[in-house]
Amino acid sequence: MSHLQLHDLQLAQGGRTVLEHLEGTFEDGAITALIGANGAGKSTLIQAIMGMLTPIAGRIDCDIPRERRAWLPQELPLDLTFPMSVEELIMTGTWPSHGALKGYCGPHYRQARDVMSRLGISSLAHRPLGELSGGQRQRALLGRTLMQEAELLLLDEPFANVDRETVEVITQVLRDMAANGTTIIVVLHDLEQLARLADCVLVLADGHGRWSTPAELIERQHGHPMPQTKPILPFAFPDPS
Ligand SMILES: Nc1ncnc2c1ncn2[C@@H]1O[C@H](COP(=O)(O)OP(=O)(O)OP(=O)(O)O)[C@@H](O)[C@H]1O
């Protein structure tokens, strides 16, 4: 089953076509890695899927309501001088469906406690965001999407500048979300993380998209089935044929 499909999609930025003839089905509960060189159009596609950019041709079929779509950009969407605690940030995940002004009730606080426990940040509940490490902040931001009960989650380089333990925690949480049916699309550059996390891969290159699998990607990259070291995708490949 799929709640998200691309049909002959063409997207432009500033009047210039960035991607065209993009086709594909994002299976429910699958984690798709989105890869491509700088400027290949990864953010452009994410913006379109989030409904922030209108296609110039083709269409995106997505029957997941806006309030269940979450985006974790790489640039921190937060003013760290704003006096907000981890718990308060996580509670804002209720805003898209519950509204920002209604206040919270008991079940919201219980859910937030569960979310923080899953992410290993319970002891940070009352810590101001400005006092968190990069990894702690990333866990809190992911906690907000759990609170939102996102059915579609897009993440841009969630493992950039985070510690090893946070990588493990985020990987497990994303796997659990996928197992519960969430459609996950994640921009990745690290081949080892891609191999551990992704079920399929959408490669953007030269204005086109090509579907692949982690195994195929690794084989093409190395000429053998599994990576021996921790390679970073150089994006000299693959050709989109
Ligand atoms: N607001 C904009 N106006 C004009 N051109 C834009 C705009 N945003 C992006 N572009 C151009 O669109 C193309 C795709 O950009 P996009 O940000 O989608 O790439 P990306 O794959 O996400 O790159 P990166 O890995 O560097 O984040 C690039 O050539 C970029 O210069």
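Around the ligand, the shell splits by class into two nonpolar, eight polar and one charged residues. In that count, Ala, Val, Leu, Ile, Met, Phe, Trp, Tyr, Cys and Pro are nonpolar, Asp, Glu, Lys and Arg are charged, and the others, Gly among them, are polar. Keep in mind that this is a predicted model: local features need pLDDT of at least 70, side-chain atom pairs count only at pLDDT 80 or more, and totals for chains, interfaces and linings use all residues. Residue numbers start from 1 along each chain, following the sequence as written.

**Ligand shell**
- The residues surrounding the ligand are Gln13, Gly14, Val18, Gly36, Asn38, Gly39, Ala40, Gly41, Lys42, Ser43 and Thr44; being near means that the C-beta atom, placed from the backbone, lies within 6 Å.
- Helix α1 (residues 42-49) supplies the largest share of this shell, with three residues.
- Helices (H or I, at least four residues) and strands (E, at least two) are DSSP runs, numbered from the N terminus.

**Overall fold**
- Eight helices and nine strands make up the secondary-structure tally of the protein chain.
- The radius of gyration, taken over C-alpha atoms, is 18 Å for the protein chain, close to the 18 Å that the globule rule gives for 241 residues, so the chain is as compact as a globular protein of that length.
- That rule is 2.2 Å times the number of residues to the power 0.38.
- Along its principal axes, the C-alpha trace spans about 55 × 40 × 35 Å.
- Of the 241 residues in the protein chain, 34% are buried, meaning 20 or more other C-beta atoms within 10 Å of their own; 12 or fewer is exposed, and in between is partly exposed, with C-beta atoms placed from the backbone.
- Taking contacts between residues at least 6 apart in sequence, 73% join residues at least 24 apart; a contact needs C-beta atoms, placed from the backbone, within 7 Å.

**Domains**
- The assignment, automatic or from a database, gives domain 1 (1-64 + 151-241) and domain 2 (77-149).
- Nine residues from domain 1 and nine residues from domain 2 take part in the contact.
- On the domain 1 side, helix α6 (residues 164-179) gives the most, four residues.
- By class, that side of domain 1 has six nonpolar, two polar and one charged residues.

- Glu157 is not a glycine, yet has a positive phi of about 50°; Glu157 sits in the loop between β6 (152-156) and α6.
- With 17 other C-beta atoms within 10 Å, Glu157 is partly exposed.
- Asp206, also not a glycine, has a positive phi of about 50° and lies in the loop between β8 (200-205) and β9 (208-212).

Notes
Contact = placed C-beta atoms within 7 Å.
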